[in-house]
Each structure stands twice: as structure tokens, then as C-alpha cells.
Amino acid sequence: MNFLRNKLKLKYYHLITLGFAGIILFGALLLMTPLASQSGQWTSFLDALFTSTSSVCVTGLVVHDTATYWSFFGQLVIIILIQIGGLGIVTVITSIALITGRKIGYFARSTLANSISISAVGGIVRLTHFIFKITFAVEGFFAILMSFKFIPDFGLVKGIWYSIFHSISAFCNAGFDLMGVREQYSSLMSYVSNPLINISIMLLIVIGGLSFSTWADIKENKLNFHRYHLQSKIILSMTAILIIFPAIYFFIVDFAGMPLGTRILASLFQSVTPRTAGFNTVDLTKMSESSILLQIILMLIGAAPGSTGGGMKVTTFFVMFKTSIAIFENSKRSEGFGRTIPENIVRNAATIFMLYIGLCIGSAMILSVLENIPILTAMYETASAIATVGLTLGITRDLCSISRIILIILMFAGRVGGLTLIYGMFPFKKLNLGKKIEENVAVG
């Protein structure tokens, strides 16, 4: 990292962007090879690049069914890319340096702190150890738990592999599945009534989407909620709200023909998965248009900053909501949980909000024209890509090359992060040469 900084004069946002781009390209080259496909044929570069991007960006959108198209080697490459993408490129690089006994300098610590969205550099190495411990402990526990269902269904060897694959994919909020052996592109629909698989996948998604700093806060302060950092309070409260109320809505509007227990599981699962996992246990195309729109909103809000999930982040949505409330109350400050939110955070939140909304709608308009599909269907696809979700209304595999390239760009932008992308594209700061004359502009 120090070499890259000194010789190439890279900032942390350059390193994060180039790191993700490098591992995506390397993964695509591996997935192109005949060894990666079950047919033993070469895979086109665009298809391999799409799959690698979706894996590293922990999205879950696919152009080929993961179980039936890719060989065991291909599936292994995909799940390794998912694990690297979920933990973060910088986290993995730092961990390798720690294992090999190399010294972690300030630049590396600062880059790692920015990559997992924490402000303090102190204790970052200790947090890295914690990240790996909680990751492998949670993935291992739920892999064992799901094996009690997958081994009877698929046999010992395949059942163990399926348990490991789905545990990593769910914790990293990726949404890749191997259920195509039953029906291609069916995700977890065959397990809609199974409590073990439903609850395991949902818990993995939520745990991975809460952010590692939040879990460190919980570890330190236990159940003393009032002692948590403001960010942890926002993440935990918003996560609960965004699971409970959409689940109630889905329960009322959709799934009326299901038994009560299955209907509850389906409603909860469909509330959890848009933020931002990409699994589904029901046929999404049969849900109401209002439910589709609600899922788009949930996708764009996403998970927590510094987590394995994507989206504009629950903290961004919270800041924008609290800022609106402050304006309604004619207050000059945005506040939450007894704290004032700094003005620069409000500005950043507004920028990220506009970036995600603009990219989602603008790309959807292009897809709608190119593919001759309804704008709501196109928005569902672009929201899924920019928020690195992976849910689809079944159009991904039929998209033309231009549309696929658009989704690749959206997935990459969504995983790298809004501010990181902006800083990488516009690195030059405008010099503050003095305050210009103010003039009122009518808004609203």
C-alpha cells in the first residue's frame, strides 16, 4: 500500500476503486476458462465479467444459472469472489499483511477505516481481527445449521457444499444460490415453507447487513442501547423499522393464498431480502405493482455502511428524513437520538441520495427503451444493480450487451460506494478563494 501511495500518488478512494476493479477482472479471466463451465466450453468475456462483477459486488444478478452452468471450480471461484467482496478488498489485503507479519502503516489503517466506514483509525487492526472472527463464526454456525436440511435433500457431499455456499452468500448479502438443480433461476422458492432455511438465511442477511462496527459496539456495550454510538443506534432502529413495516404490508397485500405460517415466513423474507441480499422464496412477478415499488425503495435504502450490503445506506436515509423533519419544524439543525448531525454529513447524504436516485432512474429509462420493457420493471433491475441486491423480475439473462454493460457499471458503482466513486472521478477540490455574494433563489 505504501508503494502504491508513494509511487502512484494514490488516495484511499483510488486504492479501493482499483482494488475492486482488479479482483473483478481477475475473476472474469478465471470464469472464462473451460474449467469453470460444466460444458467445458469457453465463456464469453462479457458473461464472465458480468458474473465476476456480480460476485465481487455481492449483487446476485446472473446471466447463467449458477448451479447448472458453472462447474464446481466455477462455483468455487464465485463464492471466493463473494467472500472477498463481502469483507472488502482492503480488509483482505490488510489481513494478508498481518498474517505475513508486515507492519500496517497509517495510510493502510486510514484506507481500511474508510473502506469499512468508521472515522477512528485507532484500534483498526483489532477490529480487523474481530471482523474475521465474527464472519467465519457466523458463516460456520449457519452452514452447520442448514446442513441438517441440505444433506438429507442433496446427499452428504453436495449437502455440505450447499450449506457452505449459501451461508457465505447470505452473510455477504450476495444472493447467489445453487437451487437451479431443481428449477433454473428459482432461488429458494422450494423452501418457502421451511422455517430452518428461511430463518437461517434471514438472520445471515441481517447480521451481515448491520456492519462490523455495530457488532463491535454491541460486543462492548452489550444491551446498554443508550451507550451505543449514534451510528449504531440509527442502524439498529432503522433495520427493525424497515423489516417490520414492509413485512406487514406484504402480508396484507400479497401471499393471500398461502397457509398462515408460510405467509408469515414469505412476508418476512421478502421484507429482509431487498436490503440487500437477492434471494427470493416467492415468484416476484406475481406480486402487486405497489409491492414491487416498495421493494425498489427498500433496495435503494439498502443496508448499513461498512457492512456486506449495499444501497445508499440506512444512515443516509435517516439523515435525509431527519433533515426534512427539521425543515418542517423550521429548525436549523438536523438531530437524532439526542445528537446534532453535522452539516457536512447532511451534504454528503444529499449527494449520495441524488446519485443513487439519478443513476437508478436514468439507467432504467435507457433499459426501458433498449429492451422495450415497462419502466417499473426496468427500475427494479437498475435499483437491484446499483444497490447490489440481485433481485430480478426475470429479465437479466435476456438483456442485450449494452444493457448488461450498464448493469455492470451500476453494480461496480454501488459496491465501491457513492462518495468513493465521486472522489475517484472528481479528485480535484475547488480552492476556496473567498465567499461569493449571496443571492436568494426561490425553491418549493
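A surface patch here is made of residues with over 30% relative accessible area and no salt bridge, in which nonpolar side chains are joined within 5 Å. By this definition, the predicted model shows a nonpolar patch formed by Ile241, Ile244, Phe245, Ile248, Tyr249, Ile252 and Val253, with about 650 Å² of accessible area together. Ile241, one of these residues, is found in helix H12, which covers residues 230-253. Because its relative accessible area is 40%, Ile241 is partly exposed.

## Overall composition

The chain has 19 helices and 2 strands. It comprises 444 residues, of which 54% count as buried. The accessible surface of the chain comes to about 20900 Å², and carbon and sulfur atoms hold 66% of that area. Among contacts with a separation of 6 or more, 69% are between residues 24 or more positions apart.

## Salt bridges

The count of salt bridges comes to 4.

A network of salt bridges links Lys149, Asp153 and Arg182. Within helix H8, Asp153 and Lys149 are 4 residues apart and therefore separated by about one helical turn. As for accessibility, Asp153 is partly exposed at 29%, Lys149 is partly exposed at 25%, and Arg182 is partly exposed at 41%.

Glu139 is buried yet has no salt bridge. The nearest side chain of opposite charge is that of Arg415, 11 Å away, whereas a salt bridge requires a side-chain nitrogen of Lys or Arg within 4 Å of a carboxyl oxygen. With neighbours within four places in sequence left aside, Glu139 is in contact with Gln83, Ser167, Ile168, Phe171 and Cys172.

## Helix H14 and its surroundings

Helix H14 has 13 residues, which at 1.5 Å a residue should span 18 Å; the end C-alpha atoms are 19 Å apart, in agreement with that expectation. Buried positions in H14 are Ser291, Ile292, Leu294, Gln295, Ile296, Leu298, Met299, Leu300 and Ile301. The buried residues of this helix pack against H12, H13, helix H15 (314-328), helix H16 (343-371) and helix H17 (375-386). After H14 comes Gly302, with a positive phi near 75°.

## Backbone geometry

Most residues other than glycine have a negative phi, and most peptide bonds are trans. Several sites in this model depart from that pattern.

The peptide bond from Arg275 to Thr276 is cis, with omega near -5°. Thr276 lies in the loop between helix H13 (260-272) and helix H14 (289-301).

Lys222 has a positive phi, near 55°. Its place is in the loop between helix H11 (212-221) and H12. Lys222 counts as exposed because its relative accessibility is 52%, and the cut-off for exposed is over 50%.

Phe255 likewise has a positive phi, near 65°, and is found in the loop between H12 and H13. Phe255 is buried, since its relative accessible area is 11% and buried means under 20%.

Technical notes
Residues are numbered from 1 along each chain as its sequence is written. This is a predicted model: local features need pLDDT of at least 70, side-chain atom pairs count only at pLDDT 80 or more; totals for chains, interfaces and linings use all residues. Side-chain values use heavy atoms; hydrogens and water are left out. Patches are made of residues with over 30% relative accessible area and no salt bridge: like charges are joined within 9 Å, nonpolar side chains (Val, Leu, Ile, Met, Phe, Trp, Tyr) within 5 Å. Accessible areas come from the Shrake-Rupley method with a 1.4 Å probe; for residues, only the protein chains shown count as cover. Buried means under 20% relative accessible area, exposed over 50%, partly exposed in between (1.4 Å probe, protein chains only). Lys and Arg count as positive and Asp and Glu as negative; His and the chain ends are not counted. Contact means heavy atoms within 4.5 Å. The expected span of a helix is 1.5 Å times one less than its number of residues.
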